[in-house]
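Please find below a note for a colleague who works with computed models. The sequence and structure come first, and the comments follow.

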Amino acid sequence: MTIYTKLLKPTLRLIPSSSLSLLSQKHFSSLASIPRPDIRIIFLGDSFTAGAGDNTSLGFPGRLCTDLRTLHNLDITYYNLGVRRDTSADILNRWEREVNARSKRSEAKVRGYEGRLVFSFGTNDNVIENGQRRVSTFETLENAQSILVRANEMWPTVMLGPPWTSVEDVDERNGVLSRKLGELCEEIGVPFLSLYEKLKGNEVWAREAEAGDGIHPNAGGYGLISKAVAEWDAWEKFVREGK
């Protein structure tokens, strides 16, 4: 070996494994010390919010909030207040009381948290019982306006329209109602996502609903809702900034 080879040969300096372990600990402890926003997200709706038929028991709220915690490093507490068979009238009667029991605006600043409200309803309004809709379209829109205007005064609020269900007669009404709810939300300044349009004709949903009770999907269908919401332009800004 010539002197030139010796000069050009790199010198490696090994770091003891104990030092590497210490460096890793310092790195992760510094990450852990970064304050994370304390956000309480309350989901209010019907059986599709509750996650009926989902073998994982997560529904779409559980999937969304798992991703917010693990992928976005947010400190999320979520409440799934979906109730089977609830119409917009039922939700109008209960939502404010239930929200105040979990996230009072008057105490939020002192306790250091922020609230977010996610509403999703309409399918049960469109179900035919005794020859007529359980709730008329006019009443659904009135209920929605009363809920959303007041909710948006309390906490940042978004609305997810009723889904496509693979039940033809229900879907005809859900499609119309979804459009009208979208128009209402635009008027009052509440972000709206049409789940009907996102899910329309989806084979996974249809197959799972057929294998179940005929209308509710299993994990795959709720994963589709979660994906649609997570990819929605308004979602991350709503969660992080309340806008």
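1. Basis. The model is predicted, so local features require pLDDT of at least 70 and side-chain atom pairs count only at pLDDT 80 or more, whereas totals for chains, interfaces and linings use all residues. Residues are numbered from 1 along each chain as its sequence is written, and side-chain values use heavy atoms, with hydrogens and water left out.

2. Chain. There are twelve helices and seven strands in the chain; these are DSSP runs numbered from the N terminus (helices H or I, at least four residues; strands E, at least two). Of its 243 residues, 42% count as buried, that is, under 20% relative accessible area, with over 50% called exposed and the range in between partly exposed (1.4 Å probe, protein chains only). Among contacts (heavy atoms within 4.5 Å) with a separation of 6 or more, 77% join residues 24 or more positions apart.

3. Largest pocket. About 160 Å³ of space lies in the largest pocket. A pocket here is an open set of points on a 1 Å grid over the protein atoms alone, where a 1.4 Å probe fits, with protein on both sides within 12 Å along at least five of seven lines; lining residues have an atom within 4 Å of a point. The volume is the space filled by probe spheres set on the points, which are joined across faces, edges and corners.

4. Lining. α4 (59–72) and α12 (233–241) each supply at least two lining residues, and α4 gives the most, with five. The lining includes Leu64, Asp67, His72, Trp232 and Glu236. By class it holds six nonpolar, one polar and three charged residues; Ala, Val, Leu, Ile, Met, Phe, Trp, Tyr, Cys and Pro count as nonpolar, Asp, Glu, Lys and Arg as charged, and the others, Gly among them, as polar.

5. Helix pair. The axes of α4 and α12 come within 13 Å and cross at roughly 70°, which means that α4 is roughly perpendicular to α12. Leu64, Leu68 and His72 of α4 meet Trp235, Glu236, Val239 and Arg240 of α12. Axes are lines fitted to C-alpha atoms, for helices over the stretch in contact, with angles from 0 to 180 degrees between N-to-C directions; 65 to 115 degrees counts as roughly perpendicular.

6. Glu241. This residue belongs to helix α12. Is Glu241 buried or partly exposed? Glu241 is partly exposed, with a relative accessible area of 47%. Not counting residues up to four places away in sequence, Glu241 touches Arg116 and Glu236.

Note on methods
Angles under 35 degrees count as roughly parallel, over 145 as roughly antiparallel, 65 to 115 as roughly perpendicular and the rest as oblique.
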